[in-house]
Amino acid sequence: MDVTDLTACRMRDALRARDLSAADAAEACIEAIDRLNPKVKAFLSTDAQRARRRAAEIDKRLDAGEDVGLLAGVPVAVKDNMCTDDGQPTTCASRILQNWRAPYNAHVVERLLAEGAVIVGKTNLDEFAMGSSTENSGFEATRNPWDLDRVPGGSSGGSAAAVAARMTPIALGSDTGGSIRQPAALCGVVGMKPTYGRVSRYGLVAFASSLDQIGPFGRTVEDAALLLQATAGHDERDSTSVSETDEPVPDYLATLDEPVAPLRIGLPREFFGEGLDPEVERAVRDALAVYEGLGAELVDVDLPHSTDYAIATYYIVATSEASSNLARYDGVHYGHRSSDHTDMIDMYMRTREEGFGDEVKRRIMLGTYALSAGYYDAYYKKALQVRRLIRRDFDEAFETVDCIMGPTSPTAAFRMGEKTADPLTMYLSDVYTASANLAAIAGISVPCGFTEAHLPVGLQILTGVFTEERLLRIARMYERETDWASHAPPVCEGAS
Amino acid sequence: MSGARLIPTIGMEVHLHLATRTKMFCACAVEYDAPPNSRVCPVCLGMPGVLPVMNKRAVELAIRMALALGGTIPDFAQWDRKHYYYPDLPKNYQISEYDQPLGVGGYLDVPLDGKTFRVGIIRVHLEEDAGKLMHAEDGGASSVVDLNRTGTPLLEVVSEPDIHSAAQARAYGEALRLLAVYLGVGDCNMELGQMRCEPNISLKIGEGPDGTPRYTPISEIKNLNSFRAVERAVAFEIARHREEYEDDPDGYTLEHLGKSTRGWLDDREQTFLQRSKEEAHDYRYLPEPDLVPVVPDRKWVDEVRAALPELPETRRRRFVEQYGLPEYDAGVLTADREVADFYEKVAEATSDAKTASNWMMQDVMRVMNERKVGIADLGMSPANLASLIALVAEGTINRSIGSDVFAKMLETGKSAAQIVAEEDLAQTSDESELEAVVDEVIAENPGPAQDFAEGKDKAVGRLIGMAKKKTGGKANPNVVREILVRKLRG
Amino acid sequence: MALSRDEVLKVGTLSRIRLTDEEVERFAGQLSSILDYVDKLKELDTRGVEPLAHALPIHNVLRDDEPRPGLDPQKAVGGAPDSTDTLFRVPRVIDDGSSA
């Protein structure tokens, strides 16, 4: 049995039964990372020694019969925009934070540690989570395990690829406009964006504060549910995290295998329009047919503001907030400082010139422009008004259907460099995902097949706010009828 | 416009540090003399990934101040980010409230030269303070930053331009400070930088052809560290605006030149230009996405309003009317809320408001100033003081012995009666005893005795003083005076 | 919505990002085409629509006024590019009073 073939849930069961030691689980991942990361480049940093020490400590406690937690001994990877106070840097894949060591742990990291997880490393991302291919990383571009000449998607490309290539069973990512769901689709894994406010953002380096959310990657829906369970819940350090009284965290695993019936599935015309790759559409429609076979009803719905308008809205709201959130990177208190400057202002200007990549610069400038004197009403305020329209679209749709489905991404994984010439081309990768962030609702991408070129396709399922439990059950209904999770990418078999 | 009256039109923006234990958005302690960067955490350092969480007490104090100013608390208040780059502002934005503040409207009645004038309040809002930038001790190559102060809760009070002179500006600042201290909203020690006043000054030129008022450009003055500086800077600016206008009446207007920011140089007693209208910051306000709006519960607001103490100006007026005190006394006594509370108990117990006031000012407050303590730390209760005053009123002891007894009461904690008994301080009113003393005094002081006999009233003071000396201070001065009159003026 | 070279430089300064001439050219073109795209929002009638700034109807998240220990000075300034033992150090600032 190859330990890395086990899902997190199976590993967890074996660890509890003491059929598997945490040390062996960690070692298997360390070995897989050593073997595969040079090709896939999913990880920015790892600390094998620390992981081994931690695993040994967990083993001791498990051997003593202690209930160590939901993730006892299970290896996890963390996207490198979440603060870890463990000696590893937290870089956000940016040269401006290249050597920065966070003096505190993100809330989700505290939760992972409290539940006994073994953190195996920090994964690559588009710089400051800005991108849809991980090509914007300030250090290196992650490769898609299914075809190393193609992108894994982004911005959580490292986490998606690490899970797909079985270097770790589960990983955390962040989703602002689709940054978990889209790479999940392109890498053939499960990726979920919880409702805004479900998981604390304390310690997640902010990109767009009103859109960012941390979520799980796993090869199965059950694994995603497990990681969500470990990280969801109120945090008093995040004023936007929902309270336990208002929205208690249910037991996602307990009800996972209960189908939702009757099930009314909304299909927005807007998600099946121009720009959608026919092979992607075919795989998605096949998945919908599986749901019909289970008794679900397919219903046409309208989300008139959810695609192009959503992208436009997203690129105003997200860039405006980003320009504000990234103002702090100035070389004064932490991070990179330019060594060659004449005065204070020059220091700021050169530090940020040197430290930020092109996409980050573009978005900061776009956001600064949108917020500057005289433009606020035309851009930011207007965008927030359209945001309300987008939210209303979903509210109205969810009055008649239980969920909305469609393709996660308009295409399967594209080639490295294919969309980098024109930023707008890349932005359109988020065309089906960004509206969910703007409306704050929950969404998941599950694998639903492959293209002719054997590239994964993802099915996106969206449900209303704080309905993760039902969302996971709906996803599980389909997963139970299919077997995409058992496919491993060629890179795992040693083929490159 | 020649011959037009130029009316100084001044609005004040005052920032006060709130009397909270922790910062506005994190749980770091607010302390004024902590070692550099020892009261900081990832949140107030603006580190990647951190988030702000509102301080409940700061919100409560802001509501208290807004209500005391007669303002209203809107149903909905929102935080905003105000962006500018500076090394003492780690996030390079300040969390403040832009267009939906915690309190709107109201007014403050300000006493000045025996009258009061009213200043309207536009708004009251909360924000966080920045850190301290200092020059390094390396001969000028660097500056250094201490972020202890970053995140300290600030209350900003913005007034209407209802102030029309330098003296009024100062009086307003002082009255606002007194109110804040009274309410326990802030300690407002200007030397510690706990209160900062920024006057906005222009001159009203008159009215344009369509009846709308016309103004000179507005100057906002920063770096004022004392009320004296406020008064001087405002006076300087009024004169400067006047000069500039007279030099160029067509060009020197608000439409042409807008608002500029000027700094005050205390040693040179003048202002200098810091930022012109063109260089004004573009703050790029953004509703703060990390903080949820404040929707003050009406019940809570009503509770805060009900708990408001009597405001200092109201109390001052009441002391004049109810106790018949002169304006000056009333002002002194109400300048400190605890002193005023103490006084009222004493006045009630002795039924002599004026005497009680004199004791407060001459004895109690003198010792407070000498020892630099508050009235609560003196170790004297209103009842004890009242009984001391009664002993003097009854004639058991005279007034100057009374002061001695007061000092001994503070020292020993004993009651007035106890001390008088133990030290045999009761004054001598026995006529026959005092007659003998008076005879001696007259014999030993023929000059003053002669003066008094001839009608010079002032001389009696010296004679009474001598009699007191001979009796260890215990001679009842009134009886001594009677005897002197009898003997010398027949 | 074509951005001129001057506007790009102005935005660059406002963003505190130094731009080379080549970047000004390139970004001017890219930003202009993005702004053209987002201009499509003008097609929508949003009169009377309340802006949605906060995704969830959460209000009044308030913290008790209880102090907690933070970082010690060495840890606070330790990650800084330049510092003394306990203070952050920056190039000399000519005080134009940029503090609000």
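This is a predicted model: local features need pLDDT of at least 70, side-chain atom pairs count only at pLDDT 80 or more; totals for chains, interfaces and linings use all residues.
Residues are numbered from 1 along each chain as its sequence is written, with chains lettered from A and ligands numbered from 1 in the order in which they are written.

**Entry 1. Chain C against chain B.** I looked up which strands pair here: strand E9 (residues 142–146) of chain B and E2(C) run antiparallel over four bridges. Strands count as paired if DSSP finds at least two bridges between them. Helices (H or I, at least four residues) and strands (E, at least two) are DSSP runs, numbered from the N terminus. I then listed the whole contact, which takes 35 residues from chain C and 49 residues from chain B. Two residues are in contact if their C-beta atoms, placed from the backbone, lie within 7 Å. On the side of chain C that touches chain B, strand E1 (62–63), helix H3 (73–78) and strand E2 (88–91) each supply at least two residues. E2(C) gives the most to that side, with four residues. I sorted that side of chain C into 16 nonpolar, nine polar and ten charged residues. In this sorting Ala, Val, Leu, Ile, Met, Phe, Trp, Tyr, Cys and Pro count as nonpolar, Asp, Glu, Lys and Arg as charged, and the others, Gly among them, as polar.

**Entry 2. Chain C against chain A.** I found 37 residues of chain C in contact with 53 residues of chain A. Helix H1 (5–14), helix H2 (21–38) and E2 of chain C each supply at least two residues of the side that touches chain A. H2(C) gives the most to this side, with seven residues. The side of chain C that touches chain A holds 25 nonpolar, six polar and six charged residues.

**Entry 3. Chain B.** I counted 16 helices and 16 strands in chain B. Its C-alpha trace spans about 90 × 60 × 55 Å along the principal axes. The radius of gyration of chain B is 30 Å, whereas a compact globule of 490 residues would have one near 23 Å. That radius is taken over C-alpha atoms, and the globule rule is 2.2 Å times the number of residues to the power 0.38. Buried residues make up 47% of the 490 residues in chain B. A residue is buried if 20 or more other C-beta atoms lie within 10 Å of its own, exposed if 12 or fewer, and partly exposed in between, with C-beta atoms placed from the backbone.

Entry 4. I recorded a cis peptide bond from A:Gly154 to A:Ser155, with omega near 10 degrees. A:Ser155 lies in the loop between strand E3 (118–123) and helix H5 (157–164) of chain A. A:Ala129 is found in the loop between E3 and H5 of chain A, and its phi is near 70 degrees, a positive value in a residue other than glycine. A:Ala129 counts as buried because it has 30 C-beta neighbours inside 10 Å. C:Arg16 has a positive phi of about 55 degrees and sits in the loop between H1 and H2 of chain C.
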